[in-house]
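Please load the model in the viewer and keep the selection panel at hand.

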Amino acid sequence: EDGDGLKTLADLRETFGDEVAELVLACSDAFVKPKPPWRERKEQFIETMRTASPEVRLIIAADKLHNAMTTLRDMRTEGNAIWQRFNGGREGSLWVYAEMLRALSLDWQHPILSHLEEVVDTLHRVSSETGTSGD
């Protein structure tokens, strides 16, 4: 979903069909260039997850779980300096994880959510323990 906008979506549709293209579209926070401002884009995307299909929620939960686990791994070796890589910095990134978990959990249950919650909680705790540099 981080590809070349609508061209990539058209290529996906041609190669994999409508169902895959629609899932990619639903899992993308923007297909326009330039993308809207970071916070606005994240708020809108989180809102759409409150009513997303179970298939879309599962894909997003898996993506966020992978991202959070990777961030936690990097934080344990590099400290809070890793937050400089993210547009939202430390506070914005932690906010996105927490709000996305909340949105995904609304009227939907899946075992992946407990894994995501555990990693997000650990990420919050570890980032607090290592200080706030990198905001």
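Begin by selecting G79, which lies just after helix 4 and takes a positive phi of about 75 degrees. The coordinates belong to a predicted model.

Within helix 4, colour the buried positions: V56, R57, I60, A61, K64, L65, A68, T71, L72, D74 and M75. Then display the partners against which the buried residues of helix 4 pack, namely helix 2 (18–26), helix 3 (38–49), helix 5 (89–105) and helix 6 (111–129).

Now turn to the largest pocket, whose volume is about 500 Å³. Of its 22 lining residues, select those closest to the centre: W38, K42, K64, N67 and F86. Helix 3, helix 4 and helix 5 are the elements that give two or more residues to this lining. Helix 4 supplies the largest share, five residues. What is the division of the lining into nonpolar, polar and charged residues? Seven are nonpolar, six are polar and nine are charged.

Finally, examine the aromatic rings; a search of the whole structure finds two aromatic pairs. In one of them, W83 and F86, the ring centres are 5.6 Å apart and the planes stand at 50 degrees, so the pair is tilted. Are these residues buried or partly exposed? W83 counts as buried because its relative accessibility is 0%, whereas F86, at 30%, counts as partly exposed.

Notes:
Residues are numbered from 1 along each chain as its sequence is written. This is a predicted model: local features need pLDDT of at least 70, side-chain atom pairs count only at pLDDT 80 or more; totals for chains, interfaces and linings use all residues. Side-chain values use heavy atoms; hydrogens and water are left out. Buried means under 20% relative accessible area, exposed over 50%, partly exposed in between (1.4 Å probe, protein chains only). Helices (H or I, at least four residues) and strands (E, at least two) are DSSP runs, numbered from the N terminus. Contact means heavy atoms within 4.5 Å. On a 1 Å grid over the protein atoms alone, a cavity is a set of points where a 1.4 Å probe fits but cannot get out, and a pocket is an open set with protein on both sides within 12 Å along at least five of seven lines; lining residues have an atom within 4 Å of a point. Grid points are joined across faces, edges and corners, and a volume is the space filled by probe spheres set on the points. Ala, Val, Leu, Ile, Met, Phe, Trp, Tyr, Cys and Pro count as nonpolar, Asp, Glu, Lys and Arg as charged, and the others, Gly among them, as polar. Rings of Phe, Tyr and Trp (its six-membered ring) pair if their centres lie within 6.5 Å; planes under 30 degrees apart count as stacked, over 60 as edge-to-face and the rest as tilted.
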